[in-house]
Amino acid sequence: MDVILSNLFENAFYALEDAAKPTLYIGMKYDRGLLCINMQNKNSSKEGRVENSEEHGFGLQNIQRIVRKYHGELRTEIKNEEFYVSILL
């Protein structure tokens, strides 16, 4: 859980450093043996930030490694200058 949350927050805080109106939403719910984590934040306008979630840095790779280990699912999307991530474990 530490790997997942620390990487999610680190990525979000990096993206929000130069945002005019930084917004960050996080939701976590545990129900009937399933944990769902959702996070949404403004996408960074920093030069060099990769728009394709498949090519993000080691943070999302570490999250994906943990999600696979526990047979979960990771979804990412960038839409309307917002970055969305959803994790189901």
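## Residue E82

At a relative accessibility of 9%, E82 counts as buried (buried is under 20% relative accessible area, exposed over 50%, partly exposed in between, with a 1.4 Å probe and protein chains only). The residue belongs to strand β4, residues 82–88 (helices, H or I with at least four residues, and strands, E with at least two, are DSSP runs numbered from the N terminus). The model is predicted: local features need pLDDT of at least 70 and side-chain atom pairs count only at pLDDT 80 or more, while totals for chains, interfaces and linings use all residues. Residues are numbered from 1 along each chain as its sequence is written, and side-chain values use heavy atoms, with hydrogens and water left out.

Apart from neighbours within four places in sequence, E82 is in contact with T23, Q40, N41, K42, N43 and E77 (contact means heavy atoms within 4.5 Å). With one of these residues, K42, the side chain of E82 makes a side-chain polar contact at 3.4 Å (a pair of N or O atoms within 3.5 Å; within protein, one must be able to donate a hydrogen and the other to accept it, and residues adjacent in sequence count only if both atoms are side-chain atoms).

## Overall make-up

The protein has two helices and four strands, in the order α-β-β-α-β-β from the N terminus. Of its 89 residues, 30% count as buried. Among contacts between residues at least 6 apart in sequence, 53% join residues at least 24 apart.

The protein exposes about 6200 Å², and carbon and sulfur atoms supply 50% of that area (accessible areas come from the Shrake-Rupley method with a 1.4 Å probe; for residues, only the protein chains shown count as cover).

## Salt bridges

Side chains of opposite charge can pair when their charged atoms come close. A search of the whole structure finds three salt bridges (a side-chain nitrogen of Lys or Arg within 4 Å of a carboxyl oxygen of Asp or Glu). One of them joins E82 and K42, whose closest N and O atoms are 3.4 Å apart. This pair links distant parts of the chain, with E82 in strand β4 and K42 in strand β2 (residues 34–42), 40 residues apart.

Another salt bridge is formed by the side chains of E73 and R75, at 2.4 Å from N to O. Here E73 is partly exposed at 34% relative accessibility, and R75 is exposed with a relative accessible area of 55%. The side chains of D31 and R32 also meet in a salt bridge, at 3.5 Å from N to O. D31 is partly exposed, with a relative accessible area of 32%, while R32 is exposed, with a relative accessible area of 78%.

Strand β1, residues 24–31, pairs with β2 in the antiparallel sense over eight bridges (two strands pair if DSSP finds at least two bridges between them). D31 has L34 as its bridge partner in β2.

Two residues lie between the strands of this hairpin, and R32 takes a positive phi near 50° there. R32 is also the residue whose side chain meets that of D31 in a salt bridge.

## Helices and the N terminus

N7 is in helix α1. This residue is buried, with a relative accessible area of 12%. Leaving aside neighbours within four places in sequence, N7 is in contact with G59, N62 and I63.

Helix α2 covers residues 58–69 and includes I66, a buried residue with a relative accessible area of 13%. Beyond neighbours within four places in sequence, I66 is in contact with V3 and I4. I66 and M1 are 65 residues apart in sequence, and their C-alpha atoms are 8.6 Å apart in space.

## A nonpolar surface patch

M1 is found in the segment before α1 (2–16) and counts as partly exposed at 45% relative accessibility. Together with I26 and M28, M1 forms a nonpolar patch on the surface, with about 280 Å² of accessible area in total (patches are made of residues with over 30% relative accessible area and no salt bridge; like charges are joined within 9 Å, and nonpolar side chains, namely Val, Leu, Ile, Met, Phe, Trp and Tyr, within 5 Å).
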